[in-house]
Structure formats: structure tokens, C-alpha cells
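Please read it alongside the structure shown here.

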Amino acid sequence: MVQNDLLLKHLSSVYDPELGVNIVDLGMVKDINHVDDKVTVKLALTIASCPMRNQIEAEIKRKLELIENISAVNIETVEMNQAERTAVMEKARQRARENAEPTQIDPKTRVLAIGSGKGGVGKSTLSTNIAVGLSNNGHKVGLLDADIWGFSIPRLLGIKGRIKANDNKQMLPFEHNNLKVISTGLITEDEDTALMWRGLMLSKALEQFLKNVEWGQLDYLIIDLPPGTGDIQMALSRLLPQAELIVVTTPQLMAQKVATRVADMAKRSFIPLLGVIENMSYFETNDGKTYNLFGEGGGSTLANQFAIPLLSSIPISEDTNNEADVGNPLILQDKDSPTKRELLKLINTIEEKLPPIQDETCTGRLAKVFEELSK
Ligand code: ADP
């Protein structure tokens, strides 16, 4: 028999994509009815025609169906009354007031922060391939290398230049094949200069990159976080309330344990956790045989623990010349490979499940309703 507590725990990991608060805290879950393996959730929406409705419903189904012994999820929607709506909006405003500081990132930009518990799991490689893949598909994409002193994005993209400033002394991102890139590696001349900057701007670097860079209109901002759980992660949640986290892990249990720490921190700093990518999951031979060289299960264990999806399992690439490390991201390489195929699939998953935020939002509509009512 599944307990209501467990159902509520899973429902608490469903976030209203626009308000950035989970649906339980928002008071949207009115009732949970549970008979055998069937669950019925009564969901209160701010307005019945909420454009986010399908997304929220799909998310509820996905989260509850992860629970063992639950095979059917039914959702009944009702519309909130005026008092409930006001309470929801107050909660959302409160959150925005607490966290937001003005940045150059449009509130409609979908911000995907890529984190990991430790270095060397492929976080920068994946950030780069995700940014390049989304940009290749026609989205306006920014790539922010928030790994301030361990930067690797310029090398991974093969960028040699330096960023410039505009007349208002704002930094201009480096434009590389339609992708806008910011990295400490594009400011400092060499490692000695980098060291000089170290004390000066370590704590302020992310803030500078968000507030003092002319990003322009972006559909996606991909942020390559430094490994672990430090100041940058905390600053991110303060500066960009719309940021969401994807955790990269490898199949080994140890790596998975460190990633758990990042995931925990995301919860404490209120960065919604979107999903897990397991990297270096397996090696696939030319005849399609697969070998789990680094063990198995790290990604799915982590995903289950937080009731979030395992977005992708990326195989080990046979990039024997290490081309990907010096400017030729796997997703752009001519040669077809299992790794390239999975990366392309991951891009489709992101476009489908995490699309750029639409103009038409529930709050937008709600504002119109209030405007009409007050006339
Ligand atoms: P992190 O940012 O987590 O420190 P990197 O992206 O720098 O990790 O990757 C570490 C090393 O692993 C790099 O040499 C990179 O090319 C390699 N790598 C990453 N992902 C894969 C993969 N799927 N297959 C093979 N090598 C990979």
C-alpha cells in the first residue's frame, strides 16, 4: 500500500514551470485519492485555460508513475477561486522578491545549469554539446562558463579570441557560430593574468557575467557550473531564480554519491532539479554490442532518489584523437557514432521537455484577467 506521504513527496518535486515553486507548496494539490494501484489527484489551476496545464499534468503523471505499485494516475482539474489565486500570486511574488536581482538575462530565457559532484565526469563536454546542438537547431543560445578558474569551454569550442566591451562598458559575449560564449578564459591573456584576477573577482565573477554582459535575447542559457557545491551554485539561485539544474554523473557508485550532494544542495537553494544525465554509461562496439565498462546504475539511482527523469545515458566515445577536447564537439563531428546519436537524442528531449519559455504564460493571462476585472 503506497502511503500518501510518499505521493506528496513525489508531488513536491513537480514545479510550476513559471512560478518556480512546487505545486504542493503553492496549494495546487487539493486532494489525493488512492485505490489499489490507481491514484487520482485533484489539481487546482490558477485559471482553467492555463497554458502550462499539459506540462504540469504530464509532470505529475511521470513523477507518480515512478513509484512502485502505481500503474494509473488520473488528474481532475478545478479552477482556483479568487482568494486562492491571490495567495498563489503572493507566494510567487515573495519568492521573486527574495531571490531576484536585475540581470541581463530575460525572465523568458530557459536557464539550464549543468552541475556535477566532482570533476572529470564530462560536465563541460556535455554543456558544450548541448549548447552547440540547441544552437544548430536554430535556437538563440548563450553558453556561460561558470567554472571560473577551471574554465575549459574556449578550448572545447576551439576559440582563440578575446571578448570585447561595448560603449557602455558592458562585455559582449564571444560569438562563435551563432553561439554566444562567456568564459574567464576569454578575458585573461594567460594563466598568470588569471591568477592576478583570482582574488579580485572570484566571488563576483558570476554576478559580472550575468549583470554586465550584453547577452541580448536568448532562448536558452546553458551554464557550465564548477564541480561540487560552492559559492557559485548559491549565487546562481540568488541571481537567477529561473535557473534549473541538470546533474551529470557516471555509472560508478562513488560518482553517484557526490552527485547526490549537488542534488541535495539544489533542493536547499531552491534550484529545481530537472533531471540526470549519465555520462560514459557504456561502450558500444561496431556490431552493436554494449559493455558497461564503469559499472551501471549510478544515473538511475540518482534519478529515482529525487523523482526526476534520467534524461539520457551517453556512451563512451571512441574519439581516439581527442578531437572533442580541442574544438570539434562530438555533436558536430561528421562521423556517425553511438555517442553522437545519443547526444542528438538528448537535444530533442531538451527541446521537447524543456522548451524555451513561451510568451503566453499563466501569470500573463492572469494579469490580463485581473486587468479586465479592475476595469
Ligand atoms: P568535467 O567538466 O566534468 O570536468 P570534461 O567535460 O572536461 O569533464 O571531461 C573530462 C574528459 O572526459 C575529457 O577529456 C572529455 O573529452 C572526456 N569525456 C567526456 N565525456 C566523454 C564520453 N562520453 N566519452 C569519452 N570521453 C568523454
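Buried means under 20% relative accessible area, exposed over 50%, and partly exposed in between (1.4 Å probe, protein chains only). The model is predicted, so local features need pLDDT of at least 70 and side-chain atom pairs count only at pLDDT 80 or more, while totals for chains, interfaces and linings use all residues. Residues are numbered from 1 along each chain as its sequence is written, and side-chain values use heavy atoms, with hydrogens and water left out.

**Loop residues with positive phi**
- Most residues other than glycine have a negative phi.
- N69 is not a glycine, yet its phi is positive at about 75 degrees.
- N69 sits in the loop between α2 (53-65) and β3 (72-79) and is exposed, with a relative accessible area of 53%; helices (H or I, at least four residues) and strands (E, at least two) are DSSP runs, numbered from the N terminus.
- N178 also has a positive phi, near 70 degrees.
- N178 lies in the loop between β8 (174-176) and β9 (179-183) and is exposed at 65% relative accessible area.

**The sheet**
- Eight strands form an open sheet with mixed pairing, in the order β8-β9-β5-β10-β4-β11-β12-β15; two strands pair if DSSP finds at least two bridges between them.
- β8 and β15 (310-314) are at the edges, each with a single partner strand, so one side of each has no neighbour in the sheet.
- β12 (residues 273-279) pairs with β15 in the parallel sense over four bridges, and E278 stands opposite S313 in β15.
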